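Please read the following report beside the sequence and the model.

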Amino acid sequence: MSLFKARDWWSTILGEKEEFDQGCLCVADVDNSGSGQDKIIVGSYMGYLRIFNPHPVKPGDGVQPEDLLLEVQLREPILQVEVGKFVSGTEGLHLAVLHCRKLCVYAVSGTLGNVEHGNQYQIKLMYEHNLQRTACNMTYGPFGGVKGRDLICIQSMDGMLMLFEQESYAFGRFLPGFLLPGPLTYNSRTDSFITVSSCRQVESYKYQVLAFATDADERQESEQQKLSSGKRLAVDWVLNIGEQALDICVVSFNQAVSSVFVLGERNFFCLKDNGQIRFMKKLDYSPSCFIPYCSVKEGTINTLIGNHGKMLNVYQDVTLKWATQLPHIPVSVKVANLQDLKGVIVTLSDNGHLQCSYLGTDPSLFQAPRVDSREINYEEFNAEMKELQKIIKEATKTQDILPKSEKHRDLIVTAEVSPDLDAESQAIDSEVKAEAVPSVTVKITIQSRVTAQKPNLAVCVQAPLAVTCDQFVFDDLEPDSSETVVLSVFLKENCSPSELEGNCVVSYSTPTELNPEGIPKVAQCNFRLPLRLICFPAQSSKAANHKLTIDTNKPPISFLTIFPDFVDPSEDDQANVLGFQFLTGSKTTLLASKTSQRYRIQSDQLEDLWLITKELMLRLEEHFKKQNCKDFACTFSGSIPLQEYFELIDRHFELRLNAEKFQELLSERAVQFRAIERRLLTRFKDKTPAPLQHLDTLLEGTFREMLKEEMVATLSEDVTV
């Protein structure tokens, strides 16, 4: 409804991909013009500082070039901007900009222009403070009851309040029981600072207590912001609100009672100066920002509360008076006097949507056009419908809405794994400590039905497996052409892989009339490597540390049938018992029960059970699939060996720590070794011979220690792979 939408008076989008938050917006007569008109000051996390003075010709106009008085990019992100009497010797307003590690105070001034471009504005740095701690937010006011000037208090991320008496640093004090920083404000009536702690309670601290808690005579001038010893900081009053707070505001109007407003995550509190609750309002939405302002009714205070539903609610104490829709989620809201218009609502979103609006009931000028009454020609409509359906049918025929079948694909890639191992191993630079490292040949064929531009083939296998060549680049393939490559797969590192599967991916482009460069496409296929690639038959073992039992719903199958590549047909004792010797040195035994439908896998190492278990399940499924048996199932009813699994993780972590420790020792020894070498070189170059003072012995000992630590570190890294 247009009645409940905020009336756009002036708006703009600030920058591109910039971020803003609660403290990035401020309204004040920052240039001391004396006209009573506020300027809009906006700082962003990208370091941009902008000052606006909106002058729309009519409500709803966008930003004009002369509306932007000043735009400068500072070197650091801007956390908060405030305007106050921050410079000594003058009561003029100055701009305070808070960065992560710096506080800067600027003077904003304008020069009258003699041409149509208008006045020129610039900022001048009056002073700055480099912060020893990372800042979070700040507040200002006449601390201690000073007249004609404002002091600044900055809250750091670790809970320290740093107070500045304009150009000089005063003192710093840690808040007791601090965990995370909260909103901070100053109450001039009680001369105290009010914040909300991580304990979800509002806390008030007197300025005098803060001042006397720190011994100013003992602080060092060179490190003015370091905390010195002092008395324990005592809280003035505490109120538990039971939730985190988004913002705190202290207001004092002539016709209203002085109050402290706290906006929580689900509630809105109004407190007296002594911490007692005047009233509270439970909110049925998630608020994002708020600001109290003067009410026309005596004894009450109006409050604007923005929420994440893009709404701005107006409350008179606890009574909802108006609700208006915004085009964005506000993170900060202010009330300003702009161009003789009092009470303009200024809102800022997190992505830089700055809007000046007002609450009104301007009627909508839109009128629905009159519909021409005419008779409907159904025959003409039916003919048009048939024509459109024909166009849609022809369009859907040429589009790849569903994936094509194998024989209709533009490019097909297939991988064929040799059933036998290579007669001569193709293993290259293998780290396996076995007598012979086998390899298996994989033949990959690419068949193209269309023109394929820039085809590239990538072959991936699970580490520690490796291929002799994993990248192939071909010339453009013509229609109905093919390419074939041959490669070998082998075990490169001295550990067992987790999978015996590989993947082939071909990337290519197919040109079209609209896109001669080609549409990028991908074709892929998987292949399965033989178990003989990583292990060979061995004598079975009866005893083992780890055992796993698999239950099936079919009678056990002889290993002569499902493991013909590991069983010798002349040996009948291998029909139910089979041993596997891994190339890495470990051994696993597979047993089939003669009386029950169970299989047992056992090994001295827990990690070796997986590959044999998976291979057994795959071969059983293939066997029963050939017999057209569809109800075959494998189950595991035992307890999951989590304890052994966690022990492996702990052992792996311990080896990682040892590897890092020995790497550090090796670096220290290397530094020592180079220092001794420099000393020896200096002695050898000296024209006057001097005794070596056992430097040669120290050099030899350091070299031995380096070799030893390098060997231990390499061994630890190999084990953790």
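Arg-704 and Glu-700 lie 4 residues apart in helix H6 (residues 695–720), so they are separated by about one helical turn. Helices here are DSSP runs of H or I with at least four residues, strands are DSSP runs of E with at least two, and both are numbered from the N terminus. The two residues form a salt bridge in which the closest N and O atoms are 2.5 Å apart, where a salt bridge is a side-chain nitrogen of Lys or Arg within 4 Å of a carboxyl oxygen of Asp or Glu. Glu-700 counts as partly exposed, at 45% relative accessibility; on this scale, buried means under 20% relative accessible area, exposed means over 50%, and partly exposed lies in between, with a 1.4 Å probe and protein chains only.

The model is predicted, and local features need pLDDT of at least 70, while side-chain atom pairs count only at pLDDT 80 or more and totals for chains, interfaces and linings use all residues. Residues are numbered from 1 along each chain as its sequence is written, and side-chain values use heavy atoms, with hydrogens and water left out.

A search of the whole structure finds 17 salt bridges, and the table lists some of them.

| Pair | N to O distance |
|---|---|
| Arg-704 and Glu-700 | 2.5 Å |
| Asp-158 and Arg-133 | 2.6 Å |
| Lys-39 and Asp-31 | 3.2 Å |

Asp-158 and Arg-133 meet through their side chains in a salt bridge. This pair links distant parts of the chain, 25 residues apart, with Asp-158 in the loop between strand S12 (151–156) and strand S13 (160–165), and Arg-133 in the loop between strand S10 (120–130) and strand S11 (135–141). Asp-158 is partly exposed at 34% relative accessibility, and Arg-133 is also partly exposed, with a relative accessible area of 23%.

Elsewhere, a network of salt bridges links Arg-528, Asp-565, Glu-615, Arg-619 and Glu-622.

The next topic is a sheet. Strands of a sheet pair through backbone hydrogen bonds, either parallel or antiparallel. S15 and strand S16 (residues 192–196) run antiparallel and are joined by 4 bridges, and Leu-184 has Thr-195 as its bridge partner in S16.

Two single residues complete the report. Leu-304 has its place in strand S24 (residues 301–307) and counts as buried at 1% relative accessibility. Contact means heavy atoms within 4.5 Å, and, not counting residues up to four places away in sequence, Leu-304 touches several residues, including Cys-289, Phe-290, Leu-312, Val-333 and Ile-345. Leu-304 and Ala-323 are 19 residues apart in sequence, and their C-alpha atoms are 9.6 Å apart in space.

His-546 lies in strand S39 (residues 546–552) and is buried, with a relative accessible area of 17%. Leaving aside residues up to four places away in sequence, the residues that His-546 touches include Ile-601, Asp-604, Leu-609 and Glu-644.

Technical notes. Two strands pair if DSSP finds at least two bridges between them.
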